[in-house]
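Thanks for making the time this morning.

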Amino acid sequence: MARAALDKQPADVRRMFDAVAKRYDITNDVLSFGQDRRWRREVLTAVDPSYGDKVLDLAAGTGTSSQPFADAGATVVPCDFSIGMLQVGKKQLPHLPFTAGDGTRLPFADGTFDAVTISFGLRNIVDPVTGLAELRRVTRAGGRLVVCEFSHPTWSPWRTVYLEYLMKALPTVAKAVSSSPDAYVYLAESIRAWPDQAGLAAMIGEAGWQNPEWRNLSGGIVALHRASV
C-alpha cells in the first residue's frame, strides 16, 4: 500500500481508490459521523449554480457529490481518474455523464465550464497547483472555483483530539466498514500532511485564480475555499 510519504504516485493512488470504491460512500458517512452530507450541501450553496450552468465536479468518485448539482438544474460532469469509482457511480447514477480524467491533464477544452469544484480530492493530485491551474483553464471568464478539503482545526485542543482520531481511530473504524481498510492509513496521512487554510489559499492564487477566500466548517476540520477567474 502506498503511503502519503511516497509522493502520491498516481498509479498507486488510482489503485487505492479502485479498491475502496465499492463501499466508499458508506465508509465516508461513518467516518465523518454524517458530516459529509452537510459539507456537500455547503459546496452546493457556495457554487450556487444557475439553471443550465455547466459544472465540473472533479474527483467526483461515485457521483454522490455531483447529483445535487443535477437536482439544482445544472449540467454537471462528474470526472475522476479511478475507473473503479466511475463504474460504481455509473451503476448508481446512470443518467450522469461520468468521465475519466487526470486532474493534471483534464480532457476538456478551454473555458468549458461556468463553475468547477473538487471535494476531498485536491490533496490526492500529484501536483495540486497544476491541478488548480487545469481547473482554471477549463473555466470560462467570470467563472468560479470551489474547493472543499480537509484542513487544520483552529482551536488547538480540538486539533489534538482530531489528530488522535485521525491517526488511531480512523483506520480501526475503517476496518469494520471499508472494502479496503489499509487505504485509510494513506488517507489519514495525506490529511495530516496537507497545508492549512492560508496555505491552500496561496496555492489557489499561485495557480492563477483571483481573490481566494475560505470559510471553516466543523471547526476547521474542513475548509471551503472559493476563487474566481
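Leaving aside residues up to four places away in sequence, which residues does Glu 42 touch? Keep in mind, while you look, that what is on the screen is a predicted model. With those close neighbours in sequence not counted, Glu 42 touches Arg 215, Leu 217 and Leu 224. Glu 42 itself sits in helix H3, which covers residues 35-47, and with a relative accessible area of 18% it is buried, since the cut-off for that label is under 20%.

Let me stay with helix H3 for a moment. The helix has 13 residues, and from its first C-alpha to its last it reaches 19 Å, which is close to the 18 Å expected at 1.5 Å a residue. Its buried residues are Asp 36, Trp 39, Glu 42, Val 43, Ala 46 and Val 47. When one looks down the axis of H3, these buried residues fall within an arc of 130°, and so they line one face of the helix. On the face turned away from that buried side, H3 carries the exposed residues Arg 41 and Thr 45.

A second residue other than glycine with a positive phi is Asn 211, where the value is near 55°. Asn 211, however, is placed in strand S6, residues 210-217, and it too is exposed, at a relative accessible area of 60%.

The C-alpha atoms of Asp 48 and Ala 115, which are 67 residues apart along the chain, are separated by 9.2 Å.

That brings me to strand S4, residues 113-119, which is mostly covered, with seven of its seven residues buried. S4 is joined to strand S1, residues 54-58, by four bridges, and these two strands run parallel; within that pairing, the bridge partner of Asp 57 is Thr 117 in S4. S4 is also joined to strand S5, residues 139-150, by six bridges, and here again the strands run parallel. In this second pairing, Ala 115 has Arg 144 in S5 as its bridge partner.

The last topic is the aromatic rings. The structure holds four aromatic pairs. In one of them, the rings of Trp 39 and Phe 120 have their centres 5.6 Å apart and their planes at 50°, so the pair is tilted. This pair links distant parts of the chain, given that Trp 39 is in helix H3 and Phe 120 is in the loop between S4 and H6, 81 residues apart. Both partners are buried, Trp 39 with a relative accessible area of 6% and Phe 120 with one of 19%. Another pair is formed by Phe 108 and Phe 113, and it is edge-to-face, at 5.1 Å centre to centre and 85° between the planes. Phe 108 is buried, with a relative accessible area of 15%, and Phe 113 counts as buried at 1% relative accessibility.

Which residues do ring pairs link into a cluster? They are Trp 39, Phe 120 and Phe 150. To bring this back to where we began, Trp 39 is, like Glu 42, among the buried residues of H3.

Note on methods. Residues numbered from 1 in each chain as written. Predicted model: local features only at pLDDT ≥ 70, side-chain atom pairs only at ≥ 80, totals over all residues. Heavy atoms only, no water. Buried < 20%, exposed > 50% of the residue type's maximum accessible area, 1.4 Å probe, protein only. Pairing = 2+ DSSP bridges. Contact = heavy atoms within 4.5 Å. Expected span 1.5 Å × (residues − 1). Arc of directions from axis to C-beta. Phe/Tyr/Trp six-rings, centres within 6.5 Å; stacked < 30°, edge-to-face > 60°.
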